[in-house]
Amino acid sequence: LVLSLGLPEFFMLSMLGIAFLASLSQGSVRRGVIAGGLGLLVSFVGLDPQSATERYTFGQLYFWEGVPLVPTVIGLFAIPEIIDTAAQGGSIAQQRVGKLGGVLEGVKDTFRHWGITVRCSLLGAFVGMIPGLGGSIAQWLAYAHAVQSAPDKSGFGHGDVRGVLGPGAANNSKEGGNLITTVAFGIPSTVVMAILLGAFMIQGIVPGTAMLTKHLDVTFSMVWIIVVTNIITVSICFLFLNQLVKITYVRTTLLVPFLIVLIFIGAFTTNNQFEDLLVMLFFGAVGWGMVALGWPRPPLVLGLVLGRLAENYLYLTVATYEWAWLGRPIVLVLMVIAAGAIFQPTLNAWRARKLGAAGDGTADSEVLA
């Protein structure tokens, strides 16, 4: 499967992720597409990957590598939530639940929505196999799929459990996908896998066919390590649940200052640069404004992440295949799926209006009768 994918397929997978922007809009497709377009514009900041010319850097050396992702995400999502939490007062949890009540209900939700769990697990493993995409993209694509596949999208962004199950499943399964290319081809998909590949070299283990034949026991041991670590982690969380849940009962006057310190540390330690804090504060203001005006934030992040990948893959694809890549079978299939993702919200809205008009006509005829 991995060998059947080339540069054109990688580019179309990036475009497929961008096509999911419409499904993240939660009501207004136009706003979702505009927010995604803003993310694409932000992704163009930095040095051109082909000519190394500056683009929208305003003469600042800091922007040569582009707008950093971590401070941007922290600003867009953490700061507006902290402002909202501080404004509400009280504590995060408005009521106390019984022992393991909410968690056991969450476990049941995993089996109630087993379809979204399985689909997003497969999506996470598939994205994990593609070098360069990484885990954050798998989670955003899983969230986009959860929103797009839901008949009723009104609950997303307001506590719908499917918005947690999808990214959670993809976040776990991507590690297995990462191991596939690392073990079988020696191509690490993430920084963590690159470190693991270095450990292989130190131990004299060469990734490739030998990992599937001579060192098959090592490969299976890594598979079981992933399984066992998940079980151990869940067990520890259940064991200390009563202590962990008490954090939600802490007054916001005590919790908010601590959270502010954490987000500043998280933004700064990414690159250890002061400018990261300014980027975080800027996008914090942008995120707060988007929340106040009812604009979706996930499309902006997805456009920022996928924009750089799509640009690189498009250049390499055209340089290698010129325009012959448009006739490749997998590319055509991905084009159809992307077109469906773009036009499905518009088609659903048209059907809803048509059914509503038909219902009004039936009601009028009944009144006349």
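**View 1. Cysteines without a disulfide.** Across the whole structure, a search finds zero disulfides (pairs of cysteine sulfur atoms within 2.5 Å). Cys120 is buried, at a relative accessible area of 0%. Cys237 is partly exposed, at 39%. Buried means under 20% relative accessible area, exposed over 50%, and partly exposed in between, with a 1.4 Å probe and protein chains only. The model is predicted: local features need pLDDT of at least 70, side-chain atom pairs count only at pLDDT 80 or more, and totals for chains, interfaces and linings use all residues. Residues are numbered from 1 along each chain as its sequence is written, and side-chain values use heavy atoms, leaving out hydrogens and water.

**View 2. Helix H3 against helix H12.** H3 spans residues 69-88 and H12 spans residues 252-271. Helices are DSSP runs (H or I, at least four residues), numbered from the N terminus. The two axes come within 10 Å and cross at roughly 175°. H3 is therefore roughly antiparallel to H12 (angles over 145 degrees). Axes are lines fitted to C-alpha atoms over the stretch in contact, and angles run from 0 to 180 degrees between N-to-C directions. Contact means heavy atoms within 4.5 Å. Residues in contact include Ile74 and Ile82 of H3 and Leu259 and Gly266 of H12.

**View 3. Helix H7 against helix H10.** H7 (residues 162-185) packs on H10 (residues 216-239) at an angle of about 165°, with axes 11 Å apart. That angle makes H7 roughly antiparallel to H10. Asn172, Glu175, Gly176, Leu179 and Val183 of H7 meet Thr219, Met222, Ile226 and Asn230 of H10.

Notes. Helix = DSSP H or I, 4+ residues; strand = E, 2+ residues; numbered from the N terminus. Parallel < 35°, antiparallel > 145°, perpendicular 65-115°, else oblique.
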